[in-house]
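Subject: Structure handover

Hi,

Here is the structure I promised to pass on. Please open it first, then read the notes below.

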Amino acid sequence: QVELAESGGGSVQAGESLTLSCSTSARTLKVYNVAWFRQAPGKEREFVAAIAWATRKEFYSDAVSGRFTISKDYTQNTFHLQMDYLIPEDTAVYYCAASVTELRMRQGDYFGQGTQVTVSS
């Protein structure tokens, strides 16, 4: 029903930038809350950032606030996660996600397959 596909992961040095993209449908982008999550080795998946479809308000975890930016591209039916000033603690598998309600935005209802981001010091 909701298809999500990440791209853009890779290996970078600390302090560098990386942009992740999530391809989806036009409908998902317009009526679902979209978000990014990540899961580091040995840890649970955690919320990173989201955009509420109704208010277009952006939300960020404390760990990435000020360094990461989430955005939508309606012309390409994608949404992005611009990651600046990366640190080794950002190393994780990153998942794009969508949720039906804003209440579920920090849990997610649908997830992509994930893309690996590795930051070395």
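Predicted model: local features only at pLDDT ≥ 70, side-chain atom pairs only at ≥ 80, totals over all residues.

Leaving aside neighbours within four places in sequence, which residues is Asp90 in contact with?

**Overall fold**

The protein has 11 strands and 1 helix. Along the sequence the order is β-β-β-α-β-β-β-β-β-β-β-β.

**Size and packing**

The C-alpha trace spans about 40 × 25 × 25 Å along its principal axes. The radius of gyration is 13 Å. A compact globule of 121 residues would have a value near 14 Å, so the two agree. Of those 121 residues, 44% count as buried. Now take the contacts between residues at least 6 apart in sequence: 58% of them join residues at least 24 apart.

**Surface and charge**

The accessible surface comes to about 6,400 Å². Carbon and sulfur atoms account for 48% of that. On charge, there are 13 negative and 11 positive side chains. The centres of the two sets lie 7 Å apart.

**Asp90**

Back to the opening question. Asp90 sits in the loop between β8 (78-83) and β9 (92-99). Beyond its sequence neighbours within four places, Asp90 is in contact with Arg38, Arg67, Phe68, Tyr85, Val117 and Val119. Is Asp90 buried or exposed? Its relative accessibility is 0%, and buried means under 20%, so Asp90 counts as buried.

**The disulfide**

How many disulfides does a search of the whole structure find? The search gives 1. Cys22 and Cys96 form it, with their sulfur atoms 2.1 Å apart. The angle about the S-S bond is 55 degrees, and the link is right-handed. Cys22 lies in strand β3 (residues 18-23) and Cys96 in strand β9, so the pair ties together parts that are 74 residues apart in sequence. What about accessibility at each end? Cys22 has 0% relative accessibility, so Cys22 counts as buried. Cys96 also has 0%, so Cys96 counts as buried too.

**Where to look**

Strand β9 is a handy landmark when you browse. Cys96 lies in β9, and the loop that holds Asp90 runs between β8 and β9.

Over to you.

Best wishes

Note on methods. Residues numbered from 1 in each chain as written. Heavy atoms only, no water. Helix = DSSP H or I, 4+ residues; strand = E, 2+ residues; numbered from the N terminus. Rg over C-alpha atoms; globule rule 2.2 N^0.38 Å. Buried < 20%, exposed > 50% of the residue type's maximum accessible area, 1.4 Å probe, protein only. Contact = heavy atoms within 4.5 Å. Areas by Shrake-Rupley, 256 points an atom, 1.4 Å probe, with all protein chains shown as cover. Lys, Arg positive; Asp, Glu negative; His and termini not counted. Charge placed at Lys NZ, Arg CZ, Asp CG, Glu CD. Disulfide = S-S within 2.5 Å.
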